[in-house]
Amino acid sequence: MTWDLLLTGGDLLDPGAGRSGRHDIAVRDGRIAAVAPELPRAGAAEVVDVTGLLVTPGLVDLHTHVHAGGTYWGIDPDPVAWHSGVTTWVDAGSAGAYTFPAFAARTAGYAVRVPALLNISAVGLVAPVGESRELANCDVELAVETVRAHRDTIVGIKVRMDRHNVGANGLAPLRRATEVASDCGLPVMVHIGAAPPSIAQLLPLLRPGDIITHCASGIAAGAAGYDPAAREAYQAGVLFDIGHGSGGFAFDVLEAQLAAGMPPHTISTDLHSRSLHGPVFDLPTTMAKLTAVGLSLEQVVAGATVAPARALGLPDGLGTLAPDAPADIAVFTVESGRFELADVHGQCRTAPLRLVNELTYRAGRLLPPQLPQPVPPWVPLTDTQRHALAGRDRAVRRLLTTPLVGPDGLAEQFPRNGA
Ligand SMILES: [Zn+2]
């Protein structure tokens, strides 16, 4: 066999490799073997016709929380990945030095890739808030040692900078995170939230290539619609990441930043136990929200593939479908229409499109369907969300209790004469 898998006729959009338009894509041994407008069918073990569908690199979500069962915020990624096209789930600081071994053991079993940002606080996100209130938890030497022991999975340092998480410690947790990151040659991702410390205090500590997540949070609103400190950081080369979450994304702040020439560099969900059932749902929905305020399909695909891969220096051509890159591939139907979507404050905008995932491959293998996980008891849900979850459970039950085929679809597997 020449190829294990051949996707034919798809509408490719691969900003990282600079390719778009109708292309066939061939896969061998889990990697991209060839990409061309027309490839020979003969010799391919499996041919999948994706004519008329959008084909992108497997999506890279720069901000997620996946340590289900080990943290307050964690979810299982696999039940979401197979129907959302996200093959790389960067975990944003769920684990710190004390909990990283358990995190690594758990996430190694997932079908998706999970590079991680190490929390500067050794306790990580076991509880909803407060991890850096005890400064002894932010142990620089211990964090550096943990990075060195897990160099293959740790791609940056995470710190949550707001009054609930740092208490009286001010800028110290961020200073320590930057120290670890400098020592290890990694970027820092900073979560911004309610002051103190203020954005104006903390952003000057960031270095070019560091990342501010929740960049369009309501917290980042200022007199001009956005905080002036944000502009200085942007111009200094700090990367802006959406990190939608349950509290970190406001349409009006993003619109003000766009009007000021500050589009986000990366588009991520901050998908966790409290954002999964809304307002985030998944990465394609977050990407659609950005098209609602004027970003193009190409911009949102770049922001969820090659841009996050480059921001973290992910190895191996991840985030592109260049020859030899891992064969992580997402296939979508692009529905056009008018789709009303909400930010975390209930502000709505209308997206011109919706991305419906049809196929998701990781290393050339199709991710199989998985049922949604139960909601942990500490997650608050509205009556409408509870009702919708119950309705989805009934729909899944009805689907699975309907016999798969009728008598016509069956064969006599064991003839009665034993012939
Ligand atoms: Zn987060």
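Leaving aside neighbours within four places in sequence, Thr 213 is in contact with His 63, Lys 158, Met 189, Val 190, His 191, Ile 192, Asp 241, Ile 242, Gly 243 and Ser 268, where contact means heavy atoms within 4.5 Å. The model is a predicted one, in which local features need pLDDT of at least 70 and side-chain atom pairs count only at pLDDT 80 or more, while totals for chains, interfaces and linings use all residues. Residues are numbered from 1 along each chain as its sequence is written, and side-chain values use heavy atoms, with hydrogens and water left out.

Thr 213 lies in strand β11, which covers residues 211-213; strands (E, at least two residues) and helices (H or I, at least four) are DSSP runs, numbered from the N terminus. One of the contacts of Thr 213 is Ile 192, and although these two residues are 21 apart along the chain, their C-alpha atoms are separated by 6.8 Å. The side chains of Thr 213 and His 63 are joined by a polar contact of 2.9 Å, a term for a pair of N or O atoms within 3.5 Å, of which, within protein, one must be able to donate a hydrogen and the other to accept it, while residues adjacent in sequence count only if both atoms are side-chain atoms.

His 63 also takes part in a metal site: the zinc ion is coordinated by His 63 (NE2), His 65 (NE2) and Asp 270 (OD), at 2.0 to 2.4 Å. Donors are N, O and S atoms within 2.8 Å of the metal (3.2 Å for Na, K and Ca), and water is not among the atoms, so sites may look incomplete. Along the chain, the donors of the zinc ion follow the spacing H-x1-H-x204-D.

The table gives relative accessible areas, for which buried means under 20%, exposed over 50% and partly exposed in between (1.4 Å probe, protein chains only).

| Residue | Relative accessible area | Class |
|---|---|---|
| His 63 | 0% | buried |
| His 65 | 3% | buried |
| Thr 213 | 0% | buried |
| Asp 393 | 52% | exposed |

Why does Asp 393 count as exposed? Asp 393 is placed in this class because its relative accessible area is 52%.
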